[in-house]
Amino acid sequence: MSSSAKLGEHVFSQVEKINSELFTLTYGAIVMQMLRDYEDVNEVNRQLDRMGYNIGVRLIDEFLARSGVGRCHDLKDTAELISKVGFKLFLGITCTVANWSADEKNFSLLLDENPLAEFVELPTTPVVSGSAPPSKALLYSNVLCGVLRGALEMVQLSVECKFVKDVLRGDDTTEIRVEFKEYLADEVPVGDE
């Protein structure tokens, strides 16, 4: 077991747990309500990403406080901590880091299980008459991409995240592709000198 995996297990054992079924069903209710409210699957995808981004911006503080990790040396260290500690701490799972690009700026997170997708079957008929069936375009767990973007931005890493594969859409695995864009400059807020 790698040191990151051990850290993930230790941190997970220390954190207060909530009922995963309640969490999953609540998230599902939010997604369904968004489908009814926005009537456009692409807009729901954007809103889920935005919601996740706002969560990630706040979640990074808890991650750093609970895990006690310092600054990562490179993107590989960051990916390892996300997959073994971050996912374990907040979702109770670990994922696999794979498919590194040749320049080591892009990687995939492979989720063997996705707690957000438990008990989920995407509707094959439109939720609102006249709209497309969600099963074709809905990125049901897109909130995870937003969380990753928001959290990494708070530690000065600008990334893009997107679902490449999703078992809910018939793929054999769930894969989130993370693409490094740039290091962000540390900026001191106005008046905080």
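Q: At roughly what angle do the axes of helix 3 and helix 4 cross?
A: This is a predicted model. Helix 3 covers residues 41-67 and helix 4 covers residues 75-91. Their axes come within 11 Å. They cross at roughly 100 degrees.

Q: Is helix 3 roughly parallel or roughly perpendicular to helix 4?
A: The axes cross at roughly 100 degrees. Angles of 65 to 115 degrees count as roughly perpendicular. Helix 3 is therefore, relative to helix 4, roughly perpendicular.

Q: Which residues of helix 4 make the contact with helix 3?
A: Both helices contribute residues to this contact. Helix 3 supplies L59, E62, F63, R66 and S67. From helix 4 come L81, V85, G86, L89 and F90.

Q: What percentage of the residues of the chain count as buried?
A: The chain has 193 residues. Buried means under 20% relative accessible area. The share of residues that count as buried is 45%.

Q: Which residues are the closest to the centre of the second largest pocket?
A: About 160 Å³ of space lies in this pocket. It is lined by 16 residues. The closest to its centre are G28, M32, V120, E121 and Y140.

Q: Which helix gives the most to the lining of the second largest pocket?
A: By class, the lining has 12 nonpolar, 2 polar and 2 charged residues. The element that gives the most supplies 7 residues. It spans residues 20-38 and is helix 2.

Q: Is S141 buried or exposed?
A: S141 sits in the loop between helix 5 (134-137) and helix 6 (143-154). Its relative accessible area is 0%. Buried means under 20%. S141 is therefore buried.

Q: Which residues is S141 in contact with, leaving aside its neighbours within four places in sequence?
A: S141 belongs to the loop between helix 5 and helix 6. Neighbours within four places in sequence are left aside here. The contacts of S141 are then Y27, N114, L116 and F163.

Q: Is D172 buried or exposed?
A: D172 lies in the loop between strand 3 (157-165) and strand 4 (174-183). Leaving aside neighbours within four places in sequence, D172 is in contact with K165 and V167. Its relative accessibility is 69%. The cut-off for exposed is over 50%, so D172 counts as exposed.

Q: How many Å apart in space are D172 and D112, C-alpha to C-alpha?
A: In sequence, D172 and D112 are 60 residues apart. In space, C-alpha to C-alpha, the distance is 9.6 Å.

Q: Phi of F119 is near what value?
A: F119 is in the loop between strand 2 (106-111) and helix 5. With a relative accessible area of 57%, F119 is exposed. Its phi is positive, in a residue other than glycine. The value is near 65 degrees.

Q: Where is Q156 found?
A: Q156 is a residue other than glycine with a positive phi, near 65 degrees. Its place is the loop between helix 6 and strand 3.

Note on methods
Residues numbered from 1 in each chain as written. Predicted model: local features only at pLDDT ≥ 70, side-chain atom pairs only at ≥ 80, totals over all residues. Heavy atoms only, no water. Axes fitted to C-alpha atoms, helices over the stretch in contact; angles between N-to-C directions. Helix = DSSP H or I, 4+ residues; strand = E, 2+ residues; numbered from the N terminus. Parallel < 35°, antiparallel > 145°, perpendicular 65-115°, else oblique. Contact = heavy atoms within 4.5 Å. 1 Å grid on protein atoms, 1.4 Å probe; cavity = no way out; pocket = protein on both sides within 12 Å on 5 of 7 lines; lining within 4 Å. Points joined across faces, edges and corners; volume = space filled by probe spheres on them. Nonpolar A, V, L, I, M, F, W, Y, C, P; charged D, E, K, R; others polar. Buried < 20%, exposed > 50% of the residue type's maximum accessible area, 1.4 Å probe, protein only.
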